Each structure stands twice: as structure tokens, then as C-alpha cells.
Amino acid sequence: MNSFEWASASSVEDAVKLLKPGEGKVDPDEAPRPMAGGQDLLTSLKSYIVRPNRVVNLKTVQGLDKIEADGAGGLKIGALVTITQLEEHADVKSKFPGLVEAATSIATPQIRNLGTVGGNLCQRPRCWYFRLENYECRKKGGQECFAKDGENKYNAILGGGKSNYVHPSDLAPMLVALGASVVVAGAEGRRTVPLGEFFVMPSQDVRRETILKDGEIVTEIIVPASAMAARSTYLKFKERDSLDFAMSAVAAALELAPDKTVRQARLVLGGVATIPWRVPAAETYLVGKPINEETQAGAAKIALEGAKSMGQNAYKIPLTQTLVRRALAKVSA
Ligand SMILES: Cc1cc2nc3c(=O)[nH]c(=O)nc-3n(C[C@H](O)[C@H](O)[C@H](O)COP(=O)(O)OP(=O)(O)OC[C@H]3O[C@@H](n4cnc5c(N)ncnc54)[C@H](O)[C@@H]3O)c2cc1C
């Protein structure tokens, strides 16, 4: 890795100051970078994916490691809360079952003990052409996406094109389904952004995965109380049961009317797209209908409309449709 200056931030404002990029046009992978648990950042530094002149330690910022009630039945989750803290928190367990499932599906207890919620949402994609030092892919400023005609078993079937990586976070699809927002701090102060608008596709900016500008950090994730939270689930298919990223995943949440028809629905796909892939057309299709085999199949078909396989990843279409059907059966039971 390149050498860099190490700076421990004393507050959010201090972190923002320390992360200020230099004058002129800076390559996004060369701007100062924040570090939380460091599990993704250190490997990205070692393989020269990021080459910052300064790494800013966020762990020294007080107060970002707590989960607090928002006073209205929802939660405020500090960006430095670990995934273990999240999955073990009493309010998360009692009110947001899908979020516990998403958290426990991540990697191993050791990784969850160190990995933070903010780091999980901002981690870089795992496409091996992006991760391998000797492939100058489009996402790293090169001219092509090697996955398109290469080894693309794990790549995207939705939201690709210019680049075809998959969004790696398991928390993100579930948090999008739960209507979460993130608080972003930067030189101009703080702003709250719905998580569904936080992630960007390669067609919007092929070098970045989020709307964060250089010098900005996530300080908090807000999960509102929701009539759908009690009926939420996260189903993930991975190749190795012990630890693995999603080959496909579905975050689902439902509110049922007294007659058992759907009042509201949220369906967000993971492991198949360049962003957590919400499918509003499938959600609308379900409203007013009971959940049964016919509507499960109908929603599953609609959810994968527009999916394009690249050669080795066509299996993701029926796999994801199966997960959609199973997730709807589970949350309606
Ligand atoms: C072997 C392995 C398996 C894994 N499997 C899974 C899995 O199955 N599912 C899954 O979801 N994840 C998985 N992960 C990812 C793991 O959960 C993440 O590495 C971890 O959550 C990142 O958190 P961190 O705190 O270590 O982030 P860091 O490594 O510190 O940061 C990650 C990135 O986010 C940026 N960042 C960190 N915090 C902030 C912030 N507050 N604001 C803005 N930017 C920030 C950093 O600059 C960096 O680019 C796996 C990781 C490993 C190593």
C-alpha cells in the first residue's frame, strides 16, 4: 500500500475538516478516507484500490457508537455501532426482526464484532476485477468492465451496464425496505437522506457507490417506526453457509389489513444489482391482494422484470424469484 498520514478525529466536525480534499480535481480514490472498523478499507488500501494521502480514524469520535430510541418507536443507530451490537439490541430484536436476520447473515461473529453499520453501508463492491490490482476496470478509471465478457457468475443482473458489480451490503436492502434514512455530515453541515436515494448506479457515477462527496461521512442511520416492521424478513442465498456475500437476497416487509390483504409492501433485492434494488411495481401489484401462491408468483415475476444475465449469472433470476416467493410466504404467515 501507499504510505499515508494517520489522523484520529476528535469530533464529527474535526473528521470533516481532516477529510477535506486538496485543491483542484482529486481522483475519488485518492481523497482522504474515513476508517471505522477498517475491515474493508485496509484490504482496499493494500490492493491500491484507494490511495489516500490521509486516513481519518472515526473510532475516536465520541457518541457515534450508540443505538437510541427516537421517541416515536423508531431507532437512531450511530454509524460506529457494530453489527453485533445491532443484532443483539433488545429494541432491534423486538421490533425489527428482518434487521436482525440481515445482520446475523453477515460474515462471521468476528467480522460482525468489528464491522460497523456505517462501514457496512459504505463498503466497496467485491467484484474481483475491481478488487484485483492488475485489472484497471472502468470502476477504477479504466476503459472497460471486464465482468461483462469475463467471469461474471457473481455479477449484477440489474442496474449494470457501464459496470456490473453487485452492491455488497446485507444491511442496506433491509434498511431500505424499512424506510431508513442516513444523516450525512460535511463541510456545509448535516443533511438527512433517505437510504433509497443514498446509493448510486454506475450510470450516475461509475467511480462511486453513494452520493457521499469527498469529505462527507455518515453519522447516523434513522430507522422509523413502521407498521411493516413486525412483518419483515431478510432471506439470503450464499454459496458457503459459513460465511459469504449474497448471491441473491430479498428484504421484504408487509402490513396486512384485518381481512389479510396487503395494505403496504416493500420488496428490495440484494446481491443481484449495483444498488439495493427496490421493486415498486411488485409492491403496488401486491396492495389489496391476499398473499397466496398466485400473488407470490406474480410479485416474483414482476420483481425480476428487466433483469439481464451476462452468461454465467442467469441462475440469479429463478433463484431470486424463489426467494421473493418464500419471503412473502414467511412475512404473511
Ligand atoms: C471476509 C469478509 C466477509 C464479509 N461478508 C459480508 C457479508 O456477507 N455481508 C455484508 O454485508 N458484509 C460483509 N462483509 C463486509 C463487512 O461487514 C464490512 O467489511 C464491514 O461492515 C465494513 O465495516 P468497517 O467498519 O470495517 O468499515 P471500514 O473498512 O472502516 O470502511 C469501509 C468503507 O466505508 C467507508 N466508511 C466507513 N465508515 C464510514 C462512515 N461513517 N461514513 C462514510 N464512509 C465510511 C470507508 O472509507 C471505507 O471505504 C465481509 C467482510 C469480510 C472481510
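Lys213 is partly exposed, with a relative accessible area of 45%. In this report, a residue is buried when its relative accessible area is under 20%, exposed when it is over 50%, and partly exposed in between (1.4 Å probe, protein chains only). The structure is a predicted model, in which local features need pLDDT of at least 70 and side-chain atom pairs count only at pLDDT 80 or more, while totals for chains, interfaces and linings use all residues. Residues are numbered from 1 along each chain as its sequence is written, and side-chain values use heavy atoms, with hydrogens and water left out.

**Salt bridges**

Lys213 pairs with Glu216 in a salt bridge, with 3.9 Å from N to O. Glu216 is buried, at a relative accessible area of 11%. A salt bridge is counted when a side-chain nitrogen of Lys or Arg lies within 4 Å of a carboxyl oxygen of Asp or Glu. Side chains of opposite charge can pair when their charged atoms come close. Across the whole structure, a search finds 24 salt bridges.

One of these joins Glu87 and Arg112, at 2.8 Å from N to O. Because Glu87 belongs to helix α3 (residues 83-88) and Arg112 to helix α6 (residues 109-114), the pair ties together parts that are 25 residues apart in sequence. Helices (H or I, at least four residues) and strands (E, at least two) are DSSP runs, numbered from the N terminus. Glu87 and Arg112 are both buried.

A further salt bridge links Arg124 with Glu209, whose closest N and O atoms are 2.7 Å apart. Arg124 lies in the loop between α7 (117-122) and α8 (128-131), and Glu209 in the loop between β7 (189-194) and β8 (217-223), so this pair ties together parts that are 85 residues apart in sequence. Arg124 is buried, at 4% relative accessible area, and Glu209 is buried as well, at 10%. Arg124 and Glu209 also belong to a network of salt bridges that includes Asp27, Asp29, Glu30, Arg51, Lys139 and Arg207.

**The ligand and its surroundings**

There are 31 residues around the ligand, and Pro34, Ala36, Leu41, Thr116 and Asp170 come nearest.

| Residue | Part of the residue | Distance to a ligand oxygen |
|---|---|---|
| Arg33 | side chain | 3.4 Å |
| Gly37 | backbone | 2.8 Å |
| Asp40 | backbone | 2.8 Å |

Taken alone, the ligand exposes 980 Å², and the protein buries 93% of that. Accessible areas come from the Shrake-Rupley method with a 1.4 Å probe; for residues, only the protein chains shown count as cover. The elements giving two or more residues to the shell are β2 (33-35), α7 and β8.

**Individual residues and helix α11**

Val193 is found in strand β7 and is buried, at 7% relative accessibility. Setting aside residues up to four places away in sequence, Val193 touches Ser181, Val182, Val184, Phe198 and Ile211, where contact means heavy atoms within 4.5 Å.

Asn155 sits in the loop between α8 and α9 (171-177) and is buried, at 5% relative accessible area. A polar atom of the Asn155 side chain lies 2.9 Å from the backbone oxygen of Asn164. Beyond residues up to four places away in sequence, Asn155 touches several residues, including Cys127, Tyr165, Met310 and Lys316.

In helix α11 (residues 293-303), the buried residues include Thr295, Gln296, Gly298 and Ala299. Their cover includes β11 (262-270), α10 (280-286) and α12 (316-332). Asn292 caps the N-terminal end of α11, with a side-chain oxygen 3.1 Å from the backbone nitrogen of Glu294.

**Backbone angles**

Most residues other than glycine have a negative phi. Tyr48, which is not a glycine, has a positive phi of about 60 degrees. Tyr48 lies in the loop between α2 (41-46) and β3 (54-57) and is partly exposed, at 30% relative accessibility. Ala107, also not a glycine, has a positive phi of about 45 degrees. Ala107 is located in the loop between α5 (97-104) and α6 and is buried, at 17% relative accessible area.

How values were computed
A residue is near a molecule or strand if one of its heavy atoms lies within 4 Å of it. A polar contact is a pair of N or O atoms within 3.5 Å; within protein, one must be able to donate a hydrogen and the other to accept it, and residues adjacent in sequence count only if both atoms are side-chain atoms.
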